Amino acid sequence: MALVKFEDFSFISSDKEILSDINIEVDEGEFVLICGPSGSGKTTLLSHLKKELRPNGKIKGKILLDSVDIRDLDDTKSATDVGFLFQNPDNQLVTDTVIQEVAFPLENIGMETEEIRNRIAEMTAFFGLDRLLYKNVNELSGGEKQLVNLCSLLVLKPKLLLLDEPTSQLDPIASYEFLTILRRLNEEFSITIMINEHSVNNIFPFADKVIFLNNGSVEYFHTKQDIIQEVANDEVFKFYLPDVSKISLLLRKKYPKLKDEKTAISIREGRKLLNKIADELEVFPKNTNKTLSEDCPYYNNEELIKTNGLYFAYNKDNIILKDIEFSIKQGEFIGIVGGNGSGKTTLIQLLAGLLKPVKGKIMRKDIKIAYLYQNPMIHFSKETVKKELSLDGETELNNKAKLKGRVGLNNKNQINHGTRLNDETRKLLKFFNIEHLIDQNPYDCSGGEQQKIAIIKSLIKKPDILILDEPSKGLDPISKHNLAKELQTLQSDDLTIVMTSHDLSFVANYCHRCIMLFDGGIQVDNDPKEVFAENNFYTTFVNRLVKDYIPNGVVLDDVKEKWNL
Amino acid sequence: MRMTKIHPIIYILYYAILIIFAFLFTNPYYSLTFAICILTLIGIQGIQKGFKGTIKGFIMMGVVIAIINPLISHQGATRLYVWNNYFITLESVVYGIILAFALILILLTFTSFNKAVSYQDLLYIFSKKFPMASIIIIMALRFIPLLNRRLEEINKLQDFENENSDKKGLINKIKSITDSLIVMISWTLEESMITAKSMKARGYKTTKRTSYLIYKINRIDKIFTSFIIITAILAILGLIYGDGRINIYPTITFSFNQFPLDIYYLSFLFLLLPLIYLEIKEEMIWH
């Protein structure tokens with residue numbers, strides 16, 4: 001019998017149908033992956049399964065959990081049976097120490113102290129959190145925080161776990177660890193899992209069934225094997241397939257020999273598939289290590305920023321950056337990668353001038369630098385996007401008027417001008433495709449939209465260098481692709497771009513120079529394709545798959561080009 | 001982590017007795033004994049960075065009280081004329097000094113108390129009676145440093161942007177400060193929506209809360225309690241017989257020649273020692 005059952009479920013909020021005619025059944029112990037562009041209703045779908053989190057609006061049809069309507073569940077049962085994990089690891093923490101956080105839900109349902117301690121002991125040991133029990137949650141890394149959050153749900157022994165993009169804020173290694181735990185919970189304890197995710201490479205192999213959601217309705221819902229065949233030619237959802245499957249589909253089209261083979265989903269299956277046609281595949285030699293100097297178009301450009309023996313630390317026991325020496329040239333698009341805590345953010349904040357180096361020097365040409373935080377919310381202080389983007393012009397005009405002593409009739413006009421956008425800004429809004437947001441509150445926009453508004457806000461000041469911290473974080477594949485294209489257009493318009501990223505294929509696809517930080521220093525500084533071709537683990541999924549055949553194949557396009565797929 | 005754990009309620013009892021005694025026992029020998037013991041205890045418990053500043057503040061406050069008391073209180077028999085008809089009394093000078101000293105002792109006792117009893121221990125006692133209030137305190141404990149860190153980031157960005165543009169002057173500075181605050185408030189409100197949801201999703205307010213903290217009454221607790229109760233009763237008996245206190249008004253009855261070495265003084269001394277003994281014992285394990 002199905003654990004979760006949607007019966008003709010529709011949800012209407014402020015006259016808009018957010019979810020329409022959902023009919024899904026999920027059995028106990030299944031691992032269900034939900035994909036779809038942002039705004040397709042993924043989060044709404046999950047929140048409807050949790051009584052406490054149901055959004056306001058009109059509901060048609062019903063959702064059954066264990067054949068009980070969700071709306072009729074009793075409070076304690078709903079709290080314990082269904083666990084909900086949110087996207088951002090920080091916001092969902094309530095208390096200050098790990099043990100208190102894990103105990104929090106158990107205390108809420110009024111459990112006896114002895115029993116609470118038993119559950120904490122059991123669960124924290126399973127998660128390997130027992131060493132961190134008395135640590136302050138603010139001192140944990142993002143991955144550890146998310147584990148604490150998950151642990152705090154599991155002490156309640158839920159039947160159903162709902163996860164809303166749980167790894168979007170984590171670096172690749174932390175998110176892999178997190179997913180491994182999820183898989184164990186699913187396999188060893190048969191906990192039913194429904195998860196929203198954008199980065200499908202890691203998670204697709206674990207899933208039993210996949211739901212593809214678009215504009216509030218279920219477009220595809222099948223086991224992962226079937227669904228791959230179905231969406232192979234879908235305009236939207238082909239982007240949501242793992243890279244391995246994409247290559248595997250292309251290969252099958254070209255080689256009839258593979259016709260009856262299953263589509264590969266994990267790297268293991270993919271390599272097995274490649275072995276089968278190994279004689280027919282062309283093998284390429286590994287390029288010798290070329291360095292940036294040779295055919296880089298920017299190599300002879302003017303240096304905008306040059307650092308000289310840069311050191312940074314907050315205290316003497318923990319030096320974050322050591323002896324950083326490199327330069328940024330006019331027109332470059334640089335991606336900075338590295339594990340959590342390797343000092344990526346610190347480095348770009350030093351470059352921008354938000355932080356001052358403890359030792360060493362940064363030479364900047366007379367340039368304007370724009371810096372974008374990971375969390376775009378920090379950039380917004382006005383009620384509407386329009387005001388957000390027009391403010392600077394207004395104050396500058398007023399200031400000038402005051403300085404020249406022309407505070408009189410003229411000034412009135414200028415204030416009126418203030419809330420109007422100039423042509424430049426309009427062009428940018430159009431370019432980034434967010435004109436429709438102009439009267440919205442920036443806080444109501446999605447993460448990707450906020451990102452773009454913040455970028456426009458910084459571009460108004462006409463910077464020479466745009467520095468971005470994790471711009472690809474939490475974006476769905478299509479938005480990510482669009483953002484990258486937009487950034488590339490800006491680059492060709494003579495804007496120098498520096499960004500940090502955890503998303504290796506994003507860097508490999510769009511940056512022309514990649515800097516890898518390790519142990520506080522620059523480990524590698526080269527063309528991204530070279531960097532990832534050298535690595536075995538810290539590299540893209542495509543590269544892991546085709547390494548033995550095309551050592552320099554890092555992104556899908558490389559493989560397509562080399563093998564004529 | 002400590003080896004000898006004493007139930008927080010007993011700590012509270014003990015420190016409460018100490019604080020009351022700091023007021024009651026005004027004999028300078030007793031006060032000095034108290035001061036030496038409590039400073040030793042603080043020393044063993046570990047002096048924190050800010051301690052020097054705190055103790056300076058305590059002493060300043062003490063000096064102010066010692067000066068003000070004779071200026072406003074004119075009780076006492078021994079008049080010391082200062083100017084024409086205006087006089088101060090020797091007794092009120094002494095009383096001021098003793099009062100100031102007692103206050104400093106109390107503040108020191110609190111410092112030591114903070115070291116001995118963590119907020120977690122306090123919450124434990126609190127959460128049995130007031131479960132809601134205690135969870136709000138716990139949330140505040142996480143929130144305040146978080147807000148601080150956010151404001152730091154926002155200010156960093158604000159400084160950066162102001163540096164780039166040519167906005168200067170007081171009005172712009174005020175504007176940028178309000179801007180920072182607006183950003184912080186809206187950001188925080190936005191994020192606390194999720195926190196509230198996460199609390200609700202984990203069954204907050206479904207039933208009466210319990211607590212995960214657990215303390216058992218051990219042998220050491222019983223010994224400790226009996227010890228402090230016996231010594232405290234003996235010391236109070238001494239107080240009733242006039243030991244350990246000096247009369248100030250109308251005239252001072254105290255001479256430095258009488259060192260009060262008797263059973264009452266000793267029990268007062270012993271009352272101050274058990275924590276020092278336990279702390280030293282704890283240290284001995286590691287050396």
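Across the interface of chain B and chain A, 25 residue pairs are in polar contact, both partners at pLDDT 80 or more. The model is a predicted one. On the chain B side, α5 (119-129), α6 (131-164) and α7 (170-201) each supply at least two residues that touch chain A. Helix α7(B) gives the most, with 16 residues. By class, this side of chain B has 21 nonpolar, 11 polar and 15 charged residues.

Now the extent of the interface. In total, 47 residues of chain B are in contact with 58 residues of chain A. The area buried between the two chains is about 4,800 Å². Carbon and sulfur atoms give 54% of that area. Within chain B, the residues that lose the most area to chain A are B:Arg142, B:Arg202 and B:Tyr212. Together they make up 20% of what that side buries.

Charge pairing comes next. Side chains of opposite charge can pair when their charged atoms come close. Between chain B and chain A the count is 4 salt bridges. One of them joins B:Arg202 to A:Glu101, with the closest N and O atoms 2.8 Å apart. B:Arg202 is also among the residues of chain B that lose the most area to chain A. Another salt bridge pairs B:Asp179 with A:Lys382, at 3.9 Å between the closest N and O atoms. This pair runs from helix α7 of chain B to the loop between β17 (369-372) and α11 (385-403) of chain A. A:Lys382 has 18% relative accessibility, so it counts as buried.

Where does A:Glu101 sit, and is it buried or exposed? A:Glu101 is in α3(A) and is buried. Its helix spans residues 98-108 of chain A. After α3(A) comes A:Gly110, whose phi is positive, near 75°.

Over all chains, the structure holds 34 salt bridges. Inside chain A, A:Lys145 meets A:Asp90 at 2.9 Å, N to O. The pair links distant parts of the chain, 55 residues apart. A:Lys145 lies in helix α5 (residues 142-154) of chain A, and A:Asp90 in the loop between β7 (82-85) and α3 of chain A. A:Lys145 is buried because its relative accessible area is 9%, under the 20% limit. A:Asp90 reaches 26% and counts as partly exposed.

A second pair within chain A is A:Asp503 with A:Lys480, at 2.5 Å, N to O. A:Asp503 lies in the loop between β19 (496-500) and α16 (504-510), and A:Lys480 in helix α15 (residues 477-492), so the pair ties together parts that are 23 residues apart in sequence. A:Asp503 is buried at 18% relative accessibility, and A:Lys480 is buried with a relative accessible area of 18%. Elsewhere, A:Asp66, A:Lys77, A:Asp81 and A:Lys159 are linked in a network of salt bridges.

Helix α19 (residues 556-563) of chain A holds A:Lys560. A:Lys560 is partly exposed, at 34% relative accessible area. Beyond its neighbours within four places in sequence, A:Lys560 is in contact with A:Leu250 and A:Leu565.

Finally, confidence. Chain A averages a pLDDT of 88, and 93% of its residues score at least 70. Over residues 400-418 of chain A, pLDDT stays under 50. The model has 11 contacts beyond four places in sequence for that stretch. Where pLDDT is low, the predicted coordinates should not be read in detail.

How values were computed
Residues are numbered from 1 along each chain as its sequence is written. Chains are lettered from A and ligands numbered from 1 in the order in which they are written. Side-chain values use heavy atoms; hydrogens and water are left out. Contact means heavy atoms within 4.5 Å. Buried area is the accessible area (1.4 Å probe) that two parts lose on being put together, summed over both. A salt bridge is a side-chain nitrogen of Lys or Arg within 4 Å of a carboxyl oxygen of Asp or Glu. A polar contact is a pair of N or O atoms within 3.5 Å; within protein, one must be able to donate a hydrogen and the other to accept it, and residues adjacent in sequence count only if both atoms are side-chain atoms. Helices (H or I, at least four residues) and strands (E, at least two) are DSSP runs, numbered from the N terminus. Ala, Val, Leu, Ile, Met, Phe, Trp, Tyr, Cys and Pro count as nonpolar, Asp, Glu, Lys and Arg as charged, and the others, Gly among them, as polar. pLDDT is the predictor's confidence in each residue, from 0 to 100. Buried means under 20% relative accessible area, exposed over 50%, partly exposed in between (1.4 Å probe, protein chains only).
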